[in-house]
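Hello,

Here is the structure we talked about. Please open it and read the notes below alongside it.

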Amino acid sequence: MNNINKEEFKKQVKDYLKVLSRKSIEEANDQQLFQAVSYAVKDLVVDQWMATHKQINEQDAKTVYYLSMEFLIGRALGNMIINLSADKEIKEAIEELGLDLNVIEDQEPDAALGNGGLGRLAACFLDSLATLGYSAYGCGIRYKYGMFKQGIENGYQVEKPDNWLKYGNPFEIKRPEYAVEVKFGGYVNVKRDENGRDHFVQEGYQSVLAVPYDLPIVGYKNNVVNTLRIWDAEAIDTFNLDSFDKGDYQKAVEQENLARTICEVLYPNDNHMAGKELRLKQQYFFVSASIQRAVAKYMENHDDIHKLYEKVCFQLNDTHPTVTVAELMRILMDEYRLEWDEAWYITNKTCAYTNHTIMSEALEKWPLELFSRLLPRIYQIIEEINRRFILKIQQEYPGDQEKIRKMAIIYDGKVKMAHLAIVAGFSVNGVARLHTEILKKQELRDFYLMMPEKFNNKTNGITQRRFLLHANPLLAEWVTKRVGNDWITDLSKIEGVGVYADDELSRKEFMNIKYQNKVRLAEYIKEHNGIEIEPRSIFDVQVKRLHEYKRQLLNILHIMHLYNELKKNPGMDFYPHTYIFGAKASAGYRRAKAIIKLINSVADVVNNDKSIKGKIKIVFIENYRVSNAEIIFAASDVSEQISTASKEASGTGNMKFMLNGALTLGTLDGANVEIVEEVGDDNAYIFGLTSEEVINYENNGGYNPRDIYNTDSDIRAVLTQLIDGTYSPNNYDEFRELYDSLLDGAGGRADQYFILKDFRAYDEARRAISKAYEDEEGWARSAIMNVAKVGKFSSDRTIQEYVDDIWKLDKLEVELD
């Protein structure tokens, strides 16, 4: 695709400007230019997209449907151009039109289809599936406003609608011909046919029309274009004119309102029953639509539903899509008239589950009353799955009621979705070696003992095409000059740069590239935060979803300690640091939002204290998302991966930092364990409790944070500043809950995430990393070795493992006519 006709492309841009905006190049604004360029690029993609689907049908290729509540795909235009390998020609064509591709790319909003690592992983996986040439659909929801657009006002997080579809999405194609009906509520009527067989019919329900919008996922230079299918909800009867004419305006638009609420936001606040109900509706909505369409698509080319599993696999990305199990059973039994055992056999061979969390509170459990009322037929099916599974437990463990309590799908008035996914699927995988071992030995031990053959590990990965080739073109060019460009599709080849860690000129070039990327980030921060930072300072960065176990609180408390040290001893040897945070807290997560306020309050004091001569700067980058993450990773020196050991399933930010030559400062948690194995102890900084130690304290006690508070005056001083007005002069109780959570529990165990326990070890690791940075040659050597040893952490490797061990997909060879 790198032989595009530049003149033809320029003509298309002008034509699209005329058709879409009734403007010439000279008259159009930047957003109109972005739309026109995007449509012209989409034209290049569509031929490959059609050819891919033609090849899938001709080959009768097996397809994986990757079901996920989130797809954090970021901006599409730049990535699409790179994967088409048309970047040089398109850039030249755009320059010849008198335009700047960077300015045009900046007009694209990040697609608000996800929030954290779960969604970004799904996006990396789709990129890898297309690049490796496997048939796949991503299936999710077309959120109107995403989770939220984060604002920071007076240091507080403010949630605003993320209106990413304001100007429309030039890359999507609406597919009304594939719309399906999704039903909620009502009751189940049992009707007996002439053969004496019962048929279950849902009646008295409300329903919406699920309408798919397809987005192209372009493989790298291989003509393969897969599909991200996101579902929008529309009313079945859009407008009740009769009700309107009678003055019942509310009833007239009732159906529209039901449909609208389903797709408005990602993760509506579920602190109340209405929010819980909406979340469950969302999950069933996109799952039902996706499964209905997948089965119908299979039956268009096949006549035996019994062999569905030979050509279709449903991968459940965490517990959110677990209703897939019951929905597939419903379709097979109620629509295709299969018997239970036949339907169960097919479902067992078609569904696979990825677990993304070790924390039991994050494993979804639905109130029985809500579930049975909203999804009556689905609940009946789950009840029967549970009944049969309990019989199996009783056969295997006679008289062991405790096993039933721990393993039942329905128990204590709750429907346990992770249990359903494990029982019904043929594969259960964790996402890092440590995570999978903890699942087998701790959280899911009983299931592992009963069905060990299902459990396997697939360590997460990232796509180097977005996070190096696109995000850090200077470093990508440096790598390519030394090892060629095979790393773009085989990241193991990047290991060849390791020999240049001992080459003085290569080290200098590498550090100069890092400096240029730091200048780029400093300019972004000046523009968006109004804070001037020194690019020659150490950029120490923690960007990720805000949760207590990720321990942003440990980070900021330690910065408070360093500031205290500087105030006491202004002449102390201290290399200038810029501490950079980026994080969204869930709208209903009060304590996480208090941590954001604390970070910003400390920043206000420290950044404005001239006496420390700029040795510490603190920046909170608002509305952290994929597009600014790309700038941040490229500029970072230190990668903060400091979750409480045993709590982080994998992490993928750690891999993106590593790919861009940042050194890991972290605990032995998630994929950090494997990162250190690859890069070596000399090129990473590890501290704190191990997962075994954490689990031992949790199970057996023996840790009292007050012991540390009483014996360590520095820690005591920092905690006292939370409640003495140092950082909240107008409200001494502003951070009282954080203080109480560390010492008294505040509704849970005191210092649940071992912040005070790890504080001194963290302090030592930070001091060691500062000392190491002052040796520029040694630092450059370590940074280059991080890049060299990142090969294992490509999502291409992860996806190939899924294909080989779970999905068993066929390779596509797509030729263009």
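**Aromatic pairs and cores**

Phe-510 is buried, at 2% relative accessible area (buried means under 20%, with a 1.4 Å probe and protein chains only). Trp-478 is buried too, at 3%.

A word on the source. This is a predicted model, where local features need pLDDT of at least 70, side-chain atom pairs count only at pLDDT 80 or more, and totals for chains, interfaces and linings use all residues. Residues are numbered from 1 along each chain as its sequence is written, and side-chain values use heavy atoms, leaving out hydrogens and water.

There are 21 aromatic pairs. Rings of Phe, Tyr and Trp (its six-membered ring) pair if their centres lie within 6.5 Å; planes under 30 degrees apart are stacked, over 60 edge-to-face, the rest tilted. Trp-478 and Phe-510 have ring centres 5.3 Å apart and planes at 70 degrees, so they are edge-to-face. Trp-478 is in helix 21 and Phe-510 in helix 22, so the pair ties together parts 32 residues apart in sequence. (Helices are DSSP runs of H or I, at least four residues.)

Phe-687 and Tyr-762 make a tilted pair, 5.0 Å centre to centre with 35 degrees between the planes. Both are buried.

Now the cores. A nonpolar core is a set of buried Ala, Val, Leu, Ile, Met, Phe, Trp, Tyr and Cys residues joined through side-chain atoms within 4.5 Å. The largest has 156 residues. Helix 2 gives the largest share, 11 residues. A second, separate core has 121 residues, including Phe-754.

Best wishes

Terms used. Buried means under 20% relative accessible area, exposed over 50%, partly exposed in between (1.4 Å probe, protein chains only). Helices (H or I, at least four residues) and strands (E, at least two) are DSSP runs, numbered from the N terminus.
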